[in-house]
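Subject: Structure for you to look at

Hello,

Here is the structure I said I would pass on. My notes on it follow below the entry.

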Amino acid sequence: MAEGSQSAPEAGNDMGNDDAIGGNVSKYIVLPTGYCGQPKKGHLIFDACFESGNLGRVDQVSEFEYDLFIRPDTCNPRFRVWFNFTVENVKESQRVIFNIVNFSKTKSLYRDGMAPMVKSTSRPKWQRLPPKNVYYYRCPDHRKNYVMSFAFCFDREEDIYQFAYCYPYTYTRFQHYLDSLQKRNMDYFFREQLGQSVQQRKLDLLTITSPDNLREGAEQKVVFITGRVHPGETPSSFVCQGIIDFLVSQHPIARVLREYLVFKIAPMLNPDGVYLGNYRCSLMGFDLNRHWLDPSPWVHPTLHGVKQLIVQMYNDPKTSLEFYIDIHAHSTMMNGFMYGNIFEDEERFQRQAIFPKLLCQNAEDFSYSSTSFNRDAVKAGTGRRFLGGLLDHTSYCYTLEVSFYSYIISGTTAAVPYTEEAYMKLGRNVARTFLDYYRLNPVVEKVAIPMPRLRNKEIEVPRRKEKSPPYKHPLLRGPASNYPNGKGDKKSSVNHKDPSTPF
Ligand SMILES: [Zn+2]
């Protein structure tokens, strides 16, 4: 969560347990107490030593039950939310209960039906576990910490299973994505390295605009977008990718936006934290979204680099920095929504509300009623607050939040879980909203080839016509069934060749 405070009502105890957790478990084999032979099938092997992995400790409670401990953020034990680990050496039909016992927060979307993600070697598409197999409660055994327990039935002995808090989106995936964009040789897409992190990962900066806008002396209207300052907030990357994919597409709206605006995008502000599997902090344990006032080039180099660029643009009379949007994910709220600033100038305050209102018309998952404006002291070091104070009255700075879990379409009460595609769709709708904001619709009509009218207010991007990943509403029979379609866990219902088979 963006700004989301770690203040008293939400924060848990400072440490999850007495024993410090040093790192991730590495191919850790759980053997029954007193067992000394070779490991057998069913003696689970846990691993989190991979990119964005996180699992600090495993305690076997009984033959069927395991307590799992999140590894705290590096150099900062206060943050324990993101988990991402694999389990292998399973037995067919082995039923287990996993308890995640050391969350640092008490409020959670698990109360509202959120469920962990799972995939396996033969079913590589991430799926949410059926919510009925997930329990979130205050546990007397763990110092009254809140515990999230889920029941799971392993069904394929050869598979490696992976569980995560939300859809992972790694630094390597991001680099491959940018490489693939670069290979397309688009004359309106530019990638540069703005700096590097403490562990020398790239701080990428993208510029998407018509080459005409980059000629010397050209005046520029700039929209600046950043993401993943909080590394565990993976939906931020999907939204950001949705924005980028749309802006580089041949859609008539994208073409007009490129003519009119210069998009500067730094999609991953905290590459070390992403790589390490942290939830909120950098390698050195800093919440970078609290250090905008005075970032150090040594300790917060990526933030320092982005801030320098923004200040430089602000001081350039040819550049008008019109929008700053920082993309986050929220661990307790539904929908997409925004945080904005409070200004003394009433007119400026009113104008600030225009963009979120327009976005609400374009995106069914975006809620204007959850959008709020504040000037809390604890958020003074956020990008949105700092730049809101720095930039002049024609600039607007927002934090865009999107739920880790779901959205509720207005007029209904059912929560629709977000998919990777739905996050990207929100990004496309964010991009498209600039057209409405700048009233460029008549320009599009002039340049546009006829386009079919879009369903559900969605913008359709010609190049990316993916179907939304299937999500079957869970109707479960028994607590250990992993099958969201309610068929039970009979072997006959499993199609071993279909990668989309539910768990
Ligand atoms: Zn955040």
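Leaving out neighbours within four places in sequence, Gln 199 is in contact with Asp 272 and Leu 283. Please keep in mind that this is a predicted model. Gln 199 sits in the loop that runs between β12 (189-196) and β13 (202-208). Gln 199 has 13 C-beta neighbours inside 10 Å, so it counts as partly exposed.

His 393 is exposed, because 10 other C-beta atoms lie within 10 Å and the cut-off for exposed is 12 or fewer. Setting aside residues up to four places away in sequence, His 393 touches Asp 345 and Arg 348. His 393 and Phe 343 are 50 residues apart in sequence, and their C-alpha atoms are 9.3 Å apart in space.

Strand β19 (residues 396-403) also holds Glu 401. An unreviewed UniProt entry lists Glu 401 under "active site". Is Glu 401 buried or exposed? Glu 401 has 29 C-beta neighbours inside 10 Å and the cut-off for buried is 20 or more, so Glu 401 counts as buried.

The buried residues of α7 are Phe 355, Pro 356, Leu 359 and Cys 360. Viewed down the axis of α7, these buried residues fall within an arc of 140°, so they line one face of the helix. In general, an α-helix has 3.6 residues a turn, so residues three or four places apart point the same way. The cover over the buried residues of α7 includes β17 (336-341), β19 and α9.

Helix α9 (residues 420-437) also meets helix α3 (residues 252-260): their axes come within 10 Å and cross at roughly 65°. The crossing of α3 past α9 is left-handed. Which residues of α3 and α9 make the contact? On α3 they are Ile 253, Val 256 and Leu 257, and on α9 they are Ala 431, Arg 432, Phe 434 and Leu 435. By class, this contact of α3 with α9 has 6 nonpolar residues, no polar residues and 1 charged residue.

On backbone geometry, most residues other than glycine have a negative phi. Cys 75, although not a glycine, has a positive phi of about 60°. Cys 75 belongs to the loop between β4 (65-69) and β5 (84-88), and it counts as exposed because it has 12 C-beta neighbours inside 10 Å. Asn 89 is not a glycine either, and has a positive phi of about 65°. Asn 89 is in the loop between β5 and β6 (95-100). With 19 other C-beta atoms within 10 Å, Asn 89 is partly exposed; the cut-off for buried is 20 or more.

Last, the totals. The protein has 10 helices and 21 strands. Of its 503 residues, 46% count as buried. Among contacts in the protein with a separation of 6 or more, 75% are between residues 24 or more positions apart.

Regards

Notes
Residues are numbered from 1 along each chain as its sequence is written. This is a predicted model: local features need pLDDT of at least 70, side-chain atom pairs count only at pLDDT 80 or more; totals for chains, interfaces and linings use all residues. UniProt positions are given in the numbering used here, feature names are shortened, and annotations may be inferred rather than shown by experiment. Helices (H or I, at least four residues) and strands (E, at least two) are DSSP runs, numbered from the N terminus. Axes are lines fitted to C-alpha atoms, for helices over the stretch in contact, and angles run from 0 to 180 degrees between N-to-C directions. A crossing is left-handed if the near helix is turned anticlockwise from the far one by less than a right angle, and right-handed if clockwise. Two residues are in contact if their C-beta atoms, placed from the backbone, lie within 7 Å. Ala, Val, Leu, Ile, Met, Phe, Trp, Tyr, Cys and Pro count as nonpolar, Asp, Glu, Lys and Arg as charged, and the others, Gly among them, as polar. The arc is that of the directions from the helix axis to the C-beta atoms.
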